[in-house]
Amino acid sequence: MSKIMIAAALVAVAAAANAKDIRTVTVTTEPQMHCANCEKKIKGFFRFEKGIKKIDTNIPEQRVTLTYDADKTTEQALLDAFSKIDYEVTKISDSSSEKKADSSAEPESDAVSGASPRM
């Protein structure tokens, strides 16, 4: 009985770990990011910031897109962090959380017959 309880607890912990609150924010910088060194400075700084998952820069469009774990940092903390490397930012857009797939999703159809599974 205790083995079942331990297994159930491990499954619950694993499920909770997968339900991350991943968000993105896109900004423009001032002074403008105009060369590879500017891009390198921004990427080099943010790769060490807590919660950062991905850093995308686009020099021609003057955009920086940060993908982050909202459970570990906030959008405002990231925007404020640009001042540490002497940039001011203007927010362009952000996305709502992109949670991992959960069990409330619609059941997939059977690949062979095309029928939905019976409940």
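Is K54 buried, partly exposed or exposed, and what is its relative accessibility?

A: In this predicted model, K54 counts as partly exposed, at 45% relative accessibility. The side chain of K54 meets that of D56 in a salt bridge, with an N to O distance of 3.7 Å. D56 is likewise partly exposed, its relative accessibility being 32%.

This pair belongs to a set of five salt bridges in the structure. Another of them joins R63 and E61, whose side chains meet at 3.8 Å, N to O. R63 has a relative accessible area of 34% and is therefore partly exposed. For E61 the value is 49%, which also counts as partly exposed, because the exposed class begins over 50%.

A further salt bridge links E39 with K43, where the closest N and O atoms lie 3.9 Å apart. Both residues sit in helix α2 (residues 36-46); they are four residues apart and so are separated by about one helical turn. K43 is partly exposed, with a relative accessible area of 32%.

K53 belongs to a positive surface patch, which K53 forms with K20, K50 and K72. K53 lies in strand β2, which covers residues 52-58. Its relative accessibility is 43%, so K53 counts as partly exposed.

Conventions:
Residues are numbered from 1 along each chain as its sequence is written. This is a predicted model: local features need pLDDT of at least 70, side-chain atom pairs count only at pLDDT 80 or more; totals for chains, interfaces and linings use all residues. Side-chain values use heavy atoms; hydrogens and water are left out. Patches are made of residues with over 30% relative accessible area and no salt bridge: like charges are joined within 9 Å, nonpolar side chains (Val, Leu, Ile, Met, Phe, Trp, Tyr) within 5 Å. Accessible areas come from the Shrake-Rupley method with a 1.4 Å probe; for residues, only the protein chains shown count as cover. A salt bridge is a side-chain nitrogen of Lys or Arg within 4 Å of a carboxyl oxygen of Asp or Glu. Lys and Arg count as positive and Asp and Glu as negative; His and the chain ends are not counted. The place of a charge is taken as NZ of Lys, CZ of Arg, CG of Asp or CD of Glu. Helices (H or I, at least four residues) and strands (E, at least two) are DSSP runs, numbered from the N terminus. Buried means under 20% relative accessible area, exposed over 50%, partly exposed in between (1.4 Å probe, protein chains only).
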